[in-house]
Amino acid sequence: MRTRIRTYATAVTVVAAATAGLTLPASATAPARSTSDFNGDGYADLAVGVPDGTVDGKAKAGYVNVVWGGPKGIGAHGSIRISQATSEVPGSPEPGDRFGASVALVDTSGDGLAELLVGTPGEDITGRGADVGSVTAVGGGSKDPGSGSVVLNGPAAGAAYGLAVTSADLTGDGSRDIVIGGRDKVVLLTADGILTTVLDAPMGGRAPVLTSGDFTEDGTADLAVGYWTNTPFTQSHVRLWAWDRTERAMVNTWNTDNAGVSALAAGDFDGDGHDDLALGECREIADENIDDPCGPEENAEGGGIHIHYGTAAPGSFGFRKQTLNQDTAGVAGVAETGDRFGAVLAVADVDQDGRDDLIAGAPGEAIGTRSGAGAATLLFGGPTGLLDARGAGRSVGLQQDTPHVPGVAEASDAFGAALATGDYDHDGRADLAVGSPGENAGSGGVWLLPRGAADGASAFTPAELRLPSPSSALAYGRYLSGR
């Protein structure tokens, strides 16, 4: 069985986006080095983007809060705040910059310290105009962040570079490249400085949804992009792109059309050594029944997840498919309009059986009569994937009214609006971070579920981390990254 090489992505709505998950080590006795260790202490850290935060009196200038991992996981060991007012970071905070609208915490240089990639889609640049957008890289450090530099600025007013950002070795040279999403555009900046456009198409003003995995079975990561719009006409796609060494550019290798998605995630859900692709909150945009791109239409009720499975046979990616929602046998909850089940996805081998598991956020989930309280569902992988031979799943539902989970489910909490996974206590097991940006009247918070379970769960809020204006509408927990 080959070694899986996929990496995971972040976008404006997920981190991880979707915006992203990861594969965790299978052995609890020999934890692997984290790729999101920002301070070099051996523990995975979590980046929380707070683009609505005020910095130096500038409304929505934005900042990133890096929360340290440690023996008790995240939330108990302090954090640091990074913004354009931080001396190591280029630029200066301005109203509406939205620094932190996308975040990726990953070791791009291979030195054992993670770098922080930050999108600033509202960045204005003299000579180019307003909302040009920018992506900044900030180096890790044991106490303070290392030096920062601009990765790429947008080309013109309204480009909004930084709506999405991720990093993966897409060219196969052993170095991580950076993918940047803007308004109606996705570009790739390779580690050796080549800038190439991956996609230039209407996206309805939304951030493109990004993730990566080896879908072409060539040993190199490929890029998955999801986008949709109804203006000026309806078009919606999930597309895969692979690096062409001869052309030195990304080429389109696979499509599913008429599918609108809110999240993408790569994982080996059936344990066969081949990367699979999960489409979160998948729905037919034009309702034309073109090849049923998201499976049976009834499975989209309240949000559905559609999985395309990888295989060893060249050119056969995605032929085997599964579709599930909250009305699927063995899946926690009940499918209801507005649940948004699958709007956020993350991946980890939580039960350590050699098959990846999928975590699905449903930020619109009603808990009793409390609309939009939100929930997350852990879906376990198995020999045939996320569903068994009878079409049933195996899952655990998690929300603030679950025993041992702190807090109380309240209307508009949006628990599950963002997800991240990582070994935050360095015990060799995957932990789950869940964002709840509506908590405390929109101030927000993040929940830690050790090993993806309610037992031992904890939560932290802006007030507990002593962040500025902790009672204002920070929406803390809407943008997460860490693995």
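I started with Arg370, which is partly exposed in this predicted model, with a relative accessible area of 27%. I then looked for its partner: Arg370 forms a salt bridge with Asp401, and the closest N and O atoms are 3.0 Å apart. Asp401 sits in the loop between strand E26 (395-398) and E27, while Arg370 is in the loop between strand E24 (357-362) and strand E25 (375-379), so the pair ties together parts that are 31 residues apart in sequence. Asp401 counts as partly exposed too, at 32% relative accessibility.

Next I asked myself how many salt bridges the structure holds. I found 10.

Asp52 and Arg98 came next. Their side chains meet in a salt bridge at 3.4 Å, N to O. I placed Asp52 in the loop between strand E2 (46-50) and strand E3 (63-67), and Arg98 in the loop between strand E4 (79-82) and strand E5 (102-106), so this pair ties together parts that are 46 residues apart in sequence. For Asp52 I noted 23% relative accessibility, which counts as partly exposed. For Arg98 I also wrote down 23%, again partly exposed.

I turned to Arg355, whose side chain meets that of Asp353 in a salt bridge (3.6 Å, N to O). Arg355 is partly exposed, with a relative accessible area of 24%. Asp353 is partly exposed as well, at 32% relative accessibility.

I also jotted down a network of salt bridges that links Glu281, Arg283 and Arg340.

Is Asp270 buried or exposed? I have it as buried, because its relative accessible area is 10% and the cut-off for buried is under 20%. Asp270 is placed in the loop between strand E18 (263-267) and strand E19 (276-280). Leaving out residues up to four places away in sequence, I listed what Asp270 touches: Asp276, Tyr309, Arg320, Arg355, Gly382, Pro383, Thr384 and Gly385.

My last stop was His426, in the loop between strand E27 (418-422) and strand E28 (431-435). What does the side chain of His426 reach? I traced it to the backbone oxygen of Gly42, at 3.2 Å. With a relative accessible area of 31%, His426 is partly exposed.

Note on methods:
Residues are numbered from 1 along each chain as its sequence is written. This is a predicted model: local features need pLDDT of at least 70, side-chain atom pairs count only at pLDDT 80 or more; totals for chains, interfaces and linings use all residues. Side-chain values use heavy atoms; hydrogens and water are left out. Helices (H or I, at least four residues) and strands (E, at least two) are DSSP runs, numbered from the N terminus. Buried means under 20% relative accessible area, exposed over 50%, partly exposed in between (1.4 Å probe, protein chains only). A polar contact is a pair of N or O atoms within 3.5 Å; within protein, one must be able to donate a hydrogen and the other to accept it, and residues adjacent in sequence count only if both atoms are side-chain atoms. Contact means heavy atoms within 4.5 Å. A salt bridge is a side-chain nitrogen of Lys or Arg within 4 Å of a carboxyl oxygen of Asp or Glu.
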